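Have a go at each task before reading its solution.

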Amino acid sequence: MASFVSIGKSKQFHDFLRNSLLNGEYKVGDKFPSIRELSKKYEISRPTVNSVISNLVNEGFLVVDQGRGTFVARTDEIKKSKTTNLIGFLMIDYLSGSEIENVILGHLGDLFQKKGYYMIPVNTNNDISRFYSLLSMMANLEVGGLVIVPPYREDYDINVVRNLVGDIPMVCINRDLPGCNHDLVQMDFYHCGKLATEHLLKQGRKRIMVQNLFGPTLYGMLADGCAAACNEAGYDAKNVIIEDWSWESPESIRNADGLISSDGEIYRNLSVIREAGKEIAKDLGIVGINDSNFSRLCSPELTAIRNSGDLIAKECCDLLFERMNGPREMRIKRIPCKLVPRNT
């Protein structure tokens with residue numbers, strides 16, 4: 001059986017399947033193995049297999065028959081497969097440790113495949129120029145729809161975005177693209193902030209650092225939730241919430257007794273917390289946002305706010321296919337969050 005080395009595995013697997021098709025291993029009209037079957041047989045991750053299959057569909061080697069599966073293409077079906085059976089997914093960077101994006105990616109791939117579509121996942125790396133370039137690429141591929149996590153900074157030119165995507169049906173995650181043909185699925189960052197602050201205030205924490213990692217829209221919601229929790233507890237949020245601080249300045253951490261941030265960011269900066277002379281739980285109460293594996297890798301394990309990646313994926317899929325059936329008014333779905341108390 002063929003095996004594939006780690007470096008360039010996606011291209012190797014693409015070339016292997018392409019050659020199998022060209023060499024006549026599969027005949028026109030044959031049903032092609034599923035993503036799950038290929039992943040298990042060749043020990044390659046399902047996102048990688050999904051990406052390779054979507055490329056073969058785009059190249060005209062395969063065609064998707066919704067509800068029946070994937071088949072070796074006839075020439076009169078090449079154009080159809082290109083224009084109707086691909087969906088683009090623009091993420092920030094699922095390779096950098098944003099586990100919530102990985103969860104969404106996995107579930108979206110499964111949901112789209114069940115509906116007879118293949119997903120093309122790409123990273124914008126939070127770069128505006130790359131964001132524009134990838135939108136242009138998706139438009140040129142004539143994808144049937146787009147799921148987009150817009151860049152954090154939100155300083156994109158919305159006129160450029162509209163010109164690039166045209167009327168492609170879209171669902172955005174967390175951040176809006178005004179004037180485009182899209183719906184919005186958004187984590188409830190207001191209640192993330194409120195629940196996290198309430199938890200820390202109950203511990204007697206009175207100097208709580210809140211990290212601005214998520215861009216203006218989400219951070220505004222998070223900060224409003226933190227302020228609401230302070231006000232309800234009878235505190236002036238200006239005296240409790242610390243916004244002006246940095247991991248590069250251990251001194252600012254020494255002056256705090258609470259922290260709200262992405263659990264991945266906390267995990268990556270455990271050494272900074274130690275350098276500041278803080279013992280987690282004893283000196284510094286922490287609430288991590290997302291409740292990914294990073295929360296459980298910390299010692300002690302972090303209290304966290306859980307955002308459901310599988311529910312985000314389901315809402316994105318449902319809304320996108322509704323919108324692909326015809327234009328309608330924009331819908332906004334907010335995903336509820338939950339406090340998961342542990343040791344911090």
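**Exercise 1.** Find the loop that holds Asn125, and work out whether Asn125 is buried or exposed, or something in between.

*Solution.* Start with the place: Asn125 sits in the loop between strand E4 (118-123) and helix H6 (128-140). Helices (H or I, at least four residues) and strands (E, at least two) are DSSP runs, numbered from the N terminus. The model is predicted, so local features need pLDDT of at least 70 and side-chain atom pairs count only at pLDDT 80 or more, while totals for chains, interfaces and linings use all residues. Residues are numbered from 1 along each chain as its sequence is written, and side-chain values use heavy atoms, with hydrogens and water left out.

Next, the backbone: phi of Asn125 is near 55°, a positive value in a residue other than glycine. Most residues other than glycine have a negative phi. Last, the surface: Asn125 is partly exposed, at a relative accessible area of 42%. Buried means under 20% relative accessible area, exposed over 50%, and partly exposed in between (1.4 Å probe, protein chains only).

**Exercise 2.** Which two residues does the cis peptide bond join?

*Solution.* Check omega: it is about 0° for the bond between Ser299 and Pro300, which is cis. Pro300 is in the loop between helix H14 (293-297) and strand E12 (303-307). As background, most peptide bonds are trans.

**Exercise 3.** Describe how helix H5 (residues 99-114) packs with H15.

*Solution.* Two packed helices are described by the angle between their axes and the distance between the axes. For H5 and H15 the angle is about 45° and the axes are 8 Å apart. Axes are lines fitted to C-alpha atoms, for helices over the stretch in contact, and angles run from 0 to 180 degrees between N-to-C directions. H5 and H15 are therefore oblique to each other. Angles under 35 degrees count as roughly parallel, over 145 as roughly antiparallel, 65 to 115 as roughly perpendicular and the rest as oblique.

Then list the partners: H5 brings residues including Ile104, Leu108 and Phe112, and H15 brings residues including Ile312, Cys316 and Phe321. Contact means heavy atoms within 4.5 Å.

**Exercise 4.** Which residues touch the most other members of the largest nonpolar core?

*Solution.* Phe89, Leu108 and Phe112 do, in a core of 47 residues. Such a core is a set of buried Ala, Val, Leu, Ile, Met, Phe, Trp, Tyr and Cys residues joined through side-chain atoms within 4.5 Å. Helix H15 (residues 309-324) gives the most to this core, with 7 residues. Now zoom in on Phe89: leaving aside neighbours within four places in sequence, its contacts include Ile104, Leu108, Met119, Val147 and Ile173.

**Exercise 5.** Where is Arg205, and what does Arg205 touch?

*Solution.* Go to the loop between helix H8 (189-202) and strand E8 (208-210) for Arg205. Arg205 is buried, at a relative accessible area of 9%. Not counting residues up to four places away in sequence, Arg205 touches Leu200, Asp257, Ala281, Lys282, Asp283, Leu284 and Gly285.
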